[in-house]
Amino acid sequence: MEPVNTDVSAESDGVAAAAGAGAGAREAPGTAALGPTTLGAIQLAVEELWPESLAEDWDEVGLVAGHPDAEVRKVMFAVDPTSEVIEEAIEFGAELLITHHPLLLRGVTSVAANTAKGKAVHRLIESGTALMTVHTNGDSAVGGVSDVLADALGLQDVAPLTPAANGLPEEGIGRVGDLGEALTLGDFAARVFGILPSVAGGVRVSGDRDGIVRRVAVCGGAGDSLFGEVRASNADVYLTADLRHHPASEAREAAVNDRPYLIDVSHFASEWLWLPAAAEALGNVLSDQGHDVEIRVSTTNSDPWDFILTPG
């Protein structure tokens, strides 16, 4: 499926989706208007859902550009802060763009507009569009990227692959759980293909198509650093993105009874599923606090690959 535009008004009623359901029950403080919603108020709501303390030590999350006192009426969620996504946010009239991936993950000495990242920073500031990053804190939190992926696959009794050092027992990187009923690897791979946005790379599978799987480990984004945890979880299959040749080959060589099987998907696609749930969760929190903000999910497919050639 293609990424679908999802409007989630903070005025709407209903229960939060997976990204908000596990964030803790809240008492609505009332419906009295608070006046203009500021970027600082949204920062507090984002921190409630996806605390920065859950981010990995190497990560850079939080506010990248924008003034905390600035008024925000429209917010857009996206996977990547690419130039196309930034232009989409500006056209929508968003005063805030929230992306999963950081724009500035490593230190820079210049944001001159003669570089791609510098140009992005200038475009954001000159258009009055703030940028905020929810990265590994969004992976780890309850209702985060891997939780949404596990839920979409129908997994039960879900637990983290790697528990968070500074979080709840159910928070951490990756998830493992059980299917309601066993499937062949081929049928499970078809389920994976059916829930993800359509991208050029498709879904790659390593293992016996007729092999039976029930216990499933997942990690949205690049997860080839978690093979030890996957083996310890006794998963029949591991679904993640960006599997490189050597880690995948070594994992297959170390397999016991041919398990875990491997399913490699698009990095973008594995994380895009979180966006609608995250937008709804933020909308619910802001609505509970009396804010009126329109929230939209980007329709831009920022997967870097355009087409693929395969034999046959």
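A residue is called buried here when its relative accessible area is under 20%, exposed when the value is over 50%, and partly exposed in between, with a 1.4 Å probe and protein chains only. The structure is a predicted model, in which local features need pLDDT of at least 70 and side-chain atom pairs count only at pLDDT 80 or more, whereas totals for chains, interfaces and linings use all residues. Residues are numbered from 1 along each chain as its sequence is written, and side-chain values use heavy atoms, with hydrogens and water left out.

With that definition, Tyr238 is buried, its relative accessible area being 0%, and Phe227 is likewise buried, at 7%. Aromatic rings of Phe, Tyr and Trp (for Trp, the six-membered ring) are treated as a pair if their centres lie within 6.5 Å, with planes under 30 degrees apart counted as stacked, over 60 as edge-to-face and the rest as tilted. The structure holds four such aromatic pairs. In one of them, the ring centres of Phe77 and Trp274 lie 6.3 Å apart and the planes stand at 80°, so the pair is edge-to-face. This pair links distant parts of the chain, 197 residues apart, with Phe77 in strand 3 (residues 74-78) and Trp274 in helix 11 (residues 274-288); helices (H or I, at least four residues) and strands (E, at least two) are DSSP runs numbered from the N terminus. Both Phe77 and Trp274 are buried. The rings of Phe227 and Tyr238, with centres 5.7 Å apart and planes at 75°, are also edge-to-face, and they join helix 8 (residues 227-232), which holds Phe227, to strand 10, which holds Tyr238. Trp50, Phe77 and Trp274 form one aromatic cluster.

Phe227 is also among the residues touched by Ala251, together with Arg231 and Leu262, when residues up to four places away in sequence are not counted; contact means heavy atoms within 4.5 Å. Ala251 lies in helix 9 (residues 245-253) and, at 5% relative accessibility, counts as buried.

Six strands form an open sheet of mixed pairing, in the order 6-7-9-10-11-8, where two strands pair if DSSP finds at least two bridges between them. Strand 6 (155-163) and strand 8 (204-206) stand at the edges with a single partner strand each, so one side of each is left without a neighbour in the sheet. Strand 6 is joined to strand 7 (residues 172-184) by six bridges, and the two run antiparallel; Pro160 stands opposite Arg175 in strand 7, while Gln156 has Asp178 as its bridge partner there. Strand 7 and strand 9 are antiparallel as well, again with six bridges, and Asp178 is partnered in strand 9 by Arg215.

Elsewhere, helix 3 (residues 83-92) and helix 4 (residues 116-127) pack at an angle of about 5°, with their axes 10 Å apart. The two helices are therefore roughly parallel, a term for angles under 35 degrees, with those over 145 counted as roughly antiparallel, 65 to 115 as roughly perpendicular and the rest as oblique. In this contact, Ile86, Glu87 and Ile90 of helix 3 meet Ala120, Arg123, Leu124 and Ser127 of helix 4.

Methods
Axes are lines fitted to C-alpha atoms, for helices over the stretch in contact, and angles run from 0 to 180 degrees between N-to-C directions.
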